[in-house]
Amino acid sequence: MAALASTSVLIIGGGPSGLLLSQLLHRQGIASVVLERRSRDHVLSRIRAGVLEQGAADLLRAAGVGARMDRDGLVHEGIEIAVGDRLHRLDLAALTGGKTVMVYGQTEVTADLYAARDAMDGVVIDEAEGVALHGLETDAPSASFLKDGTRQTIRADFIIGCDGFHGVSRRSIPADRLSLFELVYPFGWLGLLADVPPAADELVYASHPDGFSLCSMRSPTRSRYYLQCPLDEKVADWDDDRFWDVLCARLPAELAARVTRGPSIEKSIAPLRSFVAEPLRHGRLFLAGDAAHIVPPTGAKGLNLAASDIHYLSTALIDHYRSGDDEGLERYSERALARVWKAERFSWWMTSVLHSFPEKGGFAARMQQAELEYLLSSPAAQASLAENYVGLPY
Ligand code: FAD
Ligand code: DHB
């Protein structure tokens, strides 16, 4: 491919944030280039989130990538909370005036976005190594990178850091211009994917003295399960039988009896972290998605927050190019962070209330029990969970 000299918006990272932004911009006639460090196969093989808020689903439709989601995704009107041997259904639709969530895997979202980018001849340069950002405080920022052994540079009006938690964008901002807020949890999630029918029709978030577990799904024939596990646990130490045994021991007996066991397609451990970098802008660089913030997965907010960032940022960039109105760009960081912090609070709360924290002692354990009793008995508490779970307004 010939080296590209310049574009309007240069996007670092070809995950869901970066691809969705380039797709939304392209539909408004705004040129962009996406630089992705990994191969496309690698990006498309990552198993991550599974639940989309209505706002995120609507944004995918607005980007022209909603057709397969609307055909194959599962609309869920409720979730279940298990506490010990009790199962309690939360009717999300009834508690929120009719809102629902869409169960549709991030892997599928990413595949749909790549297909749409290809169909529109969108430029996504994969295996771009050693990306480095330059001139962020000038009017002519650029990125250099190595592709097929050749160093290239692309200039742009704006650079958007969509390169995840370990990316280069956030680290290109001088340390004294960023405030970082972080909480690392003393456990991880061990996830297993298997082609077996889900144990329940809806997602089950299960609290148990031995640890949290989650019964999720990707389709009526594909299940996704998670177990809270110690941070030093190794996937190699978890054969499938051990996973299924531990899962069933943590679920109410009636639910455990409905778990269909089968060989795993994928198994991995993810650490849990809450993290926010402020502000989301440095000169001509804007951060979005996991590059700027991380939530623990309880409550399924990671991908949804990436989508809401992209909503604010795409609108701001479209206003800039259409009418020279920069109010959206000026206020992007403040607007996106207001929503980010509310999702951080919810994810932290869901994590705190459902996981085991033996190291915190007896008083904390009793508080957690009281919190769960309150949740299961109070329509007001349930309405609050439901309002956050289906997604706060943009
Ligand atoms: P990413 O998906 O991380 O995409 C960033 C992209 O940038 C990647 O493709 C990466 O290869 C690329 N990149 C990185 N560095 C560079 C560089 N230097 N140059 C160029 N490209 C670069 N959320 C949930 O809600 N539920 C879950 O169960 C869940 N599980 C998760 C499991 C794991 C292991 C991880 C990491 C995240 C999980 N998340 C989950 C969070 C959710 O997947 C993320 O919030 C979502 O992927 C954010 O999208 P993004 O595009 O901002 O970042
Ligand atoms: C999934 C992940 C989550 O973190 C969650 O809260 C719900 C579902 C999933 O991967 O299916």
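1. Let's start with Tyr 226: one of its polar side-chain atoms sits 3.2 Å from an oxygen atom of ligand 1. That makes a polar contact, meaning a pair of N or O atoms within 3.5 Å. Ser 17 has a polar side-chain atom 2.6 Å from a ligand 1 oxygen, and for Asp 290 the figure is 2.7 Å. On its own, ligand 1 has 990 Å² of accessible area, and the protein covers 85% of it (Shrake-Rupley method, 1.4 Å probe).

2. Before going on, keep in mind that this is a predicted model, where local features need pLDDT of at least 70, side-chain atom pairs count only at pLDDT 80 or more, and totals for chains, interfaces and linings use all residues. Residues are numbered from 1 along each chain as its sequence is written, chains are lettered from A and ligands numbered from 1 in the order written, and side-chain values use heavy atoms, leaving out hydrogens and water.

3. Who surrounds the ligand? The shell around ligand 1 has 27 residues, with Ser 17, Glu 36, Arg 46, Gln 106 and Asp 290 the closest (a residue counts if one of its heavy atoms lies within 4 Å). By type, the shell splits into 11 nonpolar, eight polar and eight charged residues. Helix H1 (16-26) and helix H9 (302-323) each give at least two residues to the shell (helices are DSSP runs of H or I, at least four residues; strands are E, at least two).

4. Now the sheet: three strands form an open sheet in the order E3-E7-E4, paired antiparallel. At its edges are E3 (51-52) and E4 (74-76), each pairing on one side only (pairing takes at least two DSSP bridges). E4 and E7 (residues 101-103) pair over three bridges, and Leu 74 stands opposite Val 103 in E7.

Definitions and conventions:
Polar contact = N/O pair within 3.5 Å; in protein donor to acceptor, adjacent residues only side chain to side chain. Nonpolar A, V, L, I, M, F, W, Y, C, P; charged D, E, K, R; others polar.
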